[in-house]
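Open your viewer and get ready to click along. We will stop at a few places, one selection at a time.

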Amino acid sequence: MGDALLQIEDLHTTFYTRDGLVRAVDGVSIEIEAGESVGIVGESGCGKSMTAMSLMGLLKKPGKVDGGSIVFDGQELLAMTAKDRRKLMGNRISMIFQEPMTSLNPVITVGRQVREALLLHNKGMSRSQAKERVIQMFQLVGIPDAPKRYGEYPHQLSGGLRQRVMIAMAMVCDPGLLIADEPTTALDVTIEAQILRLMKDLQEDKGTAVMMITHNLGVVAQFCTRLYVMYAGKVMESGTVREIFKHVCHPYTDGLMRSVPDMKSKERLYNIRGMVPSMLHLPKGCRFCPRCQYSMARCFEEEPQIYEASPGHFARCFLFDQGKGEKRP
Ligand code: SF4
């Protein structure tokens with residue numbers, strides 16, 4: 001890849017709990033180019049949101065980034081002061097969360113909240129200029145009757161409109177990177193489609209790079225060009241969406257794909273056997289081995305590294321060790 005806008009290299013984030021160390025992010029490397037839309041996929045607890053929180057500097061105790069590097073636009077975020085990092089967040093990097101109600105202040109009008117976010121990063125702007133810009137942004141994200149909605153409180157808006165307000169807030173400073181953590185999970189399917197369409201249009205118009213965190217492969221297929229699949233704190237497979245959907249490599253990704261409901265199929269829905277392991281008691285060897293139908297003796301002893309299954313397509317699986325790339329699940 002060329003010069004990445006975001007380069008996460010061998011990131012380690014650990015929670016120091018009373019019961020032991022939880023390595024929530026265990027050597028994760030991710031690259032995102034300017035204007036690119038990249039999906040981070042996996043089941044709950046696989047480390048995808050913790051990767052984003054580490055990047056945003058939003059980890060809470062007892063969590064701590066204890067290794068690796070996060071370079072954004074040539075700057076090492078982990079070496080920055082908290083103040084400099086705060087300046088960057090919300091301005092050059094912004095984030096949309098799953099449930100807007102928890103991110104919006106219930107006692108301040110939505111317009112004022114977005115205006116304050118804008119003023120925070122644009123000191124020379126007057127309040128009336130900022131208000132005008134926010135109303136334009138509300139119109140851009142499809143909020144009907146934007147000047148009236150500007151003066152309303154979060155509880156007066158539907159879930160879909162609240163998420164549009166969050167998108168307006170995230171995009172109002174024209175960030176280079178938008179992190180969207182399950183942005184449509186709390187919405188109805190019809191609203192989900194509208195919000196994804198809106199995000200895609202904004203991303204294309206403004207050239208914003210997007211990190212889309214989701215458990216939903218359908219969202220990835222619609223929205224992303226590249227994909228990282230995470231399991232138990234590690235990236236298991238990465239490559240272009242087109243290549244992975246055509247030639248899936250890792251047995252875990254294969255299981256995720258086969259678990260997507262198909263309304264036309266009469267076959268019983270597939271589910272990956274077993275459970276996601278406790279992060280306090282990970283299995284020896286490949287952490288997917290207790291659930292993997294292709295596991296071999298070696299998988300229970302050694303931890304697989306990342307192998308290049310085909311150009312630009314990587315899998316953390318012994319099936320792809322040295323010329324065995326033809327052994328796809
Ligand atoms: Fe399955 Fe072994 Fe590959 Fe792990 S390394 S995914 S257990 S085949």
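At what angle do helix 7 and helix 8 pack, and how far apart are their axes? Select residues 159-171 (helix 7) and 189-206 (helix 8): the angle is about 15°, and the axes are 11 Å apart. That makes the two helices roughly parallel, a label for angles under 35 degrees. Axes here are lines fitted to C-alpha atoms over the stretch in contact, and angles run from 0 to 180 degrees between N-to-C directions. Helices are DSSP runs of H or I with at least four residues, strands are E runs of at least two, and both are numbered from the N terminus.

A word on what you are viewing: this is a predicted model, where local features need pLDDT of at least 70 and side-chain atom pairs count only at pLDDT 80 or more, while totals for chains, interfaces and linings use all residues. Residues are numbered from 1 along each chain as its sequence is written, and side-chain values use heavy atoms, leaving out hydrogens and water.

Next, select Tyr-231 and Tyr-252. They form an aromatic pair (ring centres within 6.5 Å; planes under 30 degrees apart are stacked, over 60 edge-to-face, the rest tilted). This pair is tilted, with 4.6 Å centre to centre and 55° between the planes. Tyr-231 sits in strand 9 and Tyr-252 in helix 11, 21 residues apart.

Phe-288 is buried, with a relative accessible area of 1%; buried means under 20%, with a 1.4 Å probe and protein chains only. Together, ring pairs link Tyr-231, Tyr-252 and Phe-288 into a cluster.

Conventions:
Angles under 35 degrees count as roughly parallel, over 145 as roughly antiparallel, 65 to 115 as roughly perpendicular and the rest as oblique. Rings of Phe, Tyr and Trp (its six-membered ring) pair if their centres lie within 6.5 Å; planes under 30 degrees apart count as stacked, over 60 as edge-to-face and the rest as tilted. Buried means under 20% relative accessible area, exposed over 50%, partly exposed in between (1.4 Å probe, protein chains only).
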